[in-house]
Amino acid sequence: MGAITGRVMAVLGPTNTGKTHYAIDRMLGHRTGVIGLPLRLLAREVYDRIVALRGPSVVALVTGEERIVPERTQYWVCTVEAMPLEIGADFVAIDEIQLCADPDRGHVFTDRLLRARGLLETLLLGAETMRPAIAGLVQGVSFLKRERFSELTYTGSKKISRMPPRSAIVGFSVENVYAIAELIRRQKGGCAVVMGALSPRTRNAQVALYQNGDVDYLVATDAIGMGLNLDIKHIAFSATAKFDGRRMRGLFPQELAQIAGRAGRHTENGTFGVTGEARPFDEDVIEAIQEHRFDPVRKLMWRNHALDFGTADRLIRSLEAPTSDIWLTRARDADDVLALKALVEMAPVRDRLTGPKRVQLLWDVCRIPDFRGSSDSDHAALLARIFEHLCGRGLGGGRVPSDWIATAVARIDRTDGDIDAISKRLAYIRTWTYIAQRKGWLDDESHWRDETRAVEDRLSDALHDRLTQRFVDRRTSVLLRRLKQKETLVAEVNDKGEVTVEGEFVGRLEGFRFRQDTSTSPDEAKVMAQAAVQALRPEFHLRADRFYNAPDTEMDFTEQGGLMWGTTAVGKLVKGAEALRPSVEAFVDDEAGEEVAEKVRRRLQHFIDRKIAALFEPLHAMSRDETLTGLARGFAFRLSEGLGVLPRDQVASEVKELDQDARGALRKHGVRFGQFTIFLPLLLKPAPTRLRLVLWSLWNGLDEFPESPPPGLVTIPNMAEVPKQHYTLAGYHPAGNRAIRIDMLERLADILRQKDSRAGFEATPDMLSITGMTLDQFADLMAGLGYKGEKAERAKVKAAEPVAVVPVDPDVPLNPIPEEVSLLAPVPTEPAAEEAPPEMEAFYTFVWAPKPRNARPDRGARPQGDRPQGDRRDRGKAARPQGDGAQGVAAPVDAPQAEASQAERPQHDRAKGDRPRGDRPRGDRPQGEGKPNHGKGDRKGKVGDRSDRPDRPDRNADKPRQFEARAPRVEKPIDPDNPFAALLALKGKV
């Protein structure tokens, strides 16, 4: 045992008693000093504290992997293994002296307890359980007991989801620590991770996350029990057993107390408990931890420090030497002894052990820690190769080759990969960092010390980043801290609608609804929603003001009834009191407030009201026209109910009841009485059509609205699953496999009236041009309209080739005809070439062929006076197909009829086939609406009657005549106010 050269004091007590702080103060009171600490992490922490007080020029840091030694060093901060024992410092302190009982490292602490002494003062810092052992081993020692500044209280078991802020959860394996950290990230926003295997740089960065308040939780191994001073209020054990390198064993009460004692900083009380699958503590353990009463240490681990380097065998025997002291027991073989025994068994290594220096060199090599955690054989192989390089080829000492270490370091110097990959590289670089710290092992020691340190720093930063990315949700942690501090949160919304609170993305603001980021856990979502709502409340009001003052051009409606502001949905249409007066529902979050919601709703209502008023102005004009009375006003109401489009077959009876005055009044408003549809042409434009489908769907309670066809299409596919009414509302009439636009169908009907639908006619280019169809498609359309088309082929007529005329030059004399040539002789002909077959073309012949209807019961003859003159005119025009000069598309009785173009076109614009007819139709083809016949019922002798024209043969002469039995018509007296009364009076006299 070492002789005492100064005062030796044992400062004993539980955690949070200020022992380390006391030792630092005592050391700085001396000219020189050395303090040994149990962990590299703790050594770095103490080094930083002393540098802050005295500056870096007088403070050295010496650990197995780090060596910072200024020229004017006064104070040495070291790990216990790296403490210099022969420099003669005035002050020496050893922290956590109770580790003398540790099975793995205890022999090192025991050696410092027995041999490390300051010239003036020596402090032994540790637990009260070391008092008997220290008193039995160190002569003249004095004791100073320090009481804990705060109290510890056991709180039992808590779920991690209910863990209070500023808590540390302790695990005893890397896998356990990572699993807990992942769970806390999902539930609490994140945590910091502290493990003994971390580099000081990574550990400091992780601790800073916790100390700065970025996270409120810490997950750590038992490394936090070794002097790390953190602001922890609660310690939770996730397990009460650990693997000690040999076996799984339960933690001793003093070990639990060492870790639990980190709760409560200075005078603030702390709590401890268990979580997860850890079993609650027994009452006696709880009492021991709270009262700091534990069984004293009976045996300290010891290994002989007086080593014999004569031979390898003698070295091993000296390491295995026993002790006779009652307080000491020989430690089990540590990793360095096991490595020595393994290398001695290798023949190449044994052959190089030619003297004591080689044996001592081998022992130094064997003390390289197995940072990589590899198998014993792999670690032994690495040590053997290093020893081979250090021995060299000659008698002189060798060096580790620079190219070998350069290759190894370059392979490690990569920051890609996950946490495990970077952690493994960090462990590998620690081996080369340790080698670089050995004096005389490398050619350029300072270069490799700097190089390995730089690689370790890069890997440490990368590991910190990976740990933070995986276990910390910075967004949630920042918001939590701001909310906890009750600060005003700054929210920003960019042009894309992305919402950031304090610079952290939390979701998107779509109109007046906040869409939270879905990549968060439920607990995180609550925090973000709370922060976002608090920060977005002013933004809602500002946006509502901008929306209220926005022009209608920035708004639109969708084909499913949505209301858009730009590209953002801000509401939807709902059924109102009338089809043309829908209501609106605004999409506004409840958190925005009723004032914002009402402002948005009012602006949307204004928009849709103005939109309907503009697009359906013809309907509104009819409803406001007070001159429309009686049947005309009723029909205008029906047209408004149909939103400007009515199939004629649905209102055939109402149309027949309208007189010419009523029809003329309706025509003034743009109403067109087509053969198939009654409509307003202005309302067939794309915008009104799109709105009409939406309004009709709302009024009829459809879940899915029909969409309007793309604008500009004359025909669209006729799908069986789509109701016919949808086509009508869209402005189309189904016929065959296609549906044709209503206005184009009426134009086609005007052309077909001029054709002989009974004798048959061919499709003309005008017909195909109107429909935009091929000939086969047109035939299918005509079939849908009631025509039968017969396809045939004929030779295609080619245009005659022009005869080439050869000009005669008067200056060139003509050649005379030879005498032997006779002008009367027949012209010799060449053999006729075989004629090519003529080019054929297809054509269709269409005839009226309506589908048969169900037979109706016979009706008696109607009295003459029962039929209004206007009604008779309508029936005469719509009754039967006619031959030449038909005025309407062939259709059966009571089929939807078009008003003849005679009443709508100027007189000079009518074609021959459009001449007015009397009430009595000829033949059985459909006839369009004409002027009423105010003359006699007999058509014979009337202008335009083709039967009395000798210059034109009667095309129906060879066909059987058709006659009708009809009662004579009662003559209506001439209206004296009629401007044509004078002409009517002359009728029959001419």
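The questions below ask what lies behind each label.

Q: What kind of model is this, and what does the protein's secondary structure come to?
A: It is a predicted model. The secondary structure comes to 30 helices and 35 strands. Of the 990 residues, 47% are buried.

Q: Why is the pair of Lys145 and Glu147 called a salt bridge?
A: General idea first: side chains of opposite charge can pair when their charged atoms come close. The cut-off is 4 Å between a side-chain nitrogen of Lys or Arg and a carboxyl oxygen of Asp or Glu. In Lys145 and Glu147 the closest N and O atoms are 3.8 Å apart. That is within 4 Å, so the label holds. The structure holds 60 salt bridges.

Q: Why is Glu147 called exposed, while Lys145 is called partly exposed?
A: Exposed means over 50% relative accessible area, and buried means under 20%. Glu147 has 53%, so Glu147 counts as exposed. Lys145 has 49%, which lies in between, so Lys145 is partly exposed.

Q: What makes Glu66 and Arg44 a salt bridge, and where in the chain do they lie?
A: The N to O distance is 2.5 Å. The limit is 4 Å, so the pair qualifies. The pair links distant parts of the chain, 22 residues apart. Glu66 is in the loop between β3 and β4, and Arg44 is in helix α2. Both Glu66 and Arg44 are buried. They also belong to a network of salt bridges, whose members include Arg40, Asp48 and Glu65.

Q: How do you know that Arg690 and Asp556 form a salt bridge?
A: Their closest N and O atoms are 3.4 Å apart. That is within the 4 Å limit, so they form a salt bridge. Arg690 sits in helix α24 and Asp556 in strand β23, 134 residues apart.

Q: Why is the aromatic pair of Tyr178 and Phe471 called tilted?
A: A pair of aromatic rings is described by the distance of the centres and the angle of the planes. For Tyr178 and Phe471, the centres are 5.6 Å apart, within the 6.5 Å limit, so they pair. The planes are 35 degrees apart. Stacked needs under 30 degrees and edge-to-face needs over 60, so this pair is tilted. The count comes to 16 aromatic pairs.

Q: Which parts of the chain does the pair of Tyr178 and Phe471 tie together?
A: Tyr178 lies in helix α5 and Phe471 in helix α16, so the pair ties together parts that are 293 residues apart in sequence. Both residues are buried.

Q: What makes Arg438 lie over the face of Tyr434?
A: Arg438 is 4.1 Å from the ring centre of Tyr434. The distance limit is 6 Å, and the direction must be within 35 degrees of the ring normal. Lys575 gives another case: its charged end sits over the ring of Trp699, 4.7 Å from the centre.

Q: Why do β27 and β28 count as edge strands?
A: The open sheet has the order β27-β29-β28, with antiparallel pairing. β27 and β28 each have a single partner strand, so one side of each is left without a neighbour in the sheet.

Q: How do you know that β28 and β29 pair?
A: Pairing needs at least two bridges. β28 and β29 are joined by 2 bridges, so they pair. In this pairing Arg672 stands opposite Phe679. Helix α26 lies across β27, β28 and β29, at about 125 degrees to β29.

Q: What joins β21 to β22, and what do these strands form?
A: 4 bridges join the antiparallel strands β21 and β22. Pairing needs at least two, so these strands pair. They form a hairpin with 2 residues between them. Gly511 in the turn has a positive phi of about 65 degrees. Leu509 stands opposite Phe514.

Q: Why is Pro280 called exposed?
A: Its relative accessibility is 53%, and the cut-off is over 50%, so Pro280 is exposed. Pro280 is found in the loop between β16 and α8. Among its contacts is Tyr154.

Note on methods
Residues are numbered from 1 along each chain as its sequence is written. This is a predicted model: local features need pLDDT of at least 70, side-chain atom pairs count only at pLDDT 80 or more; totals for chains, interfaces and linings use all residues. Side-chain values use heavy atoms; hydrogens and water are left out. Buried means under 20% relative accessible area, exposed over 50%, partly exposed in between (1.4 Å probe, protein chains only). Rings of Phe, Tyr and Trp (its six-membered ring) pair if their centres lie within 6.5 Å; planes under 30 degrees apart count as stacked, over 60 as edge-to-face and the rest as tilted. Contact means heavy atoms within 4.5 Å. Axes are lines fitted to C-alpha atoms, for helices over the stretch in contact, and angles run from 0 to 180 degrees between N-to-C directions. Lists of a residue's contacts leave out its neighbours within four places in sequence.
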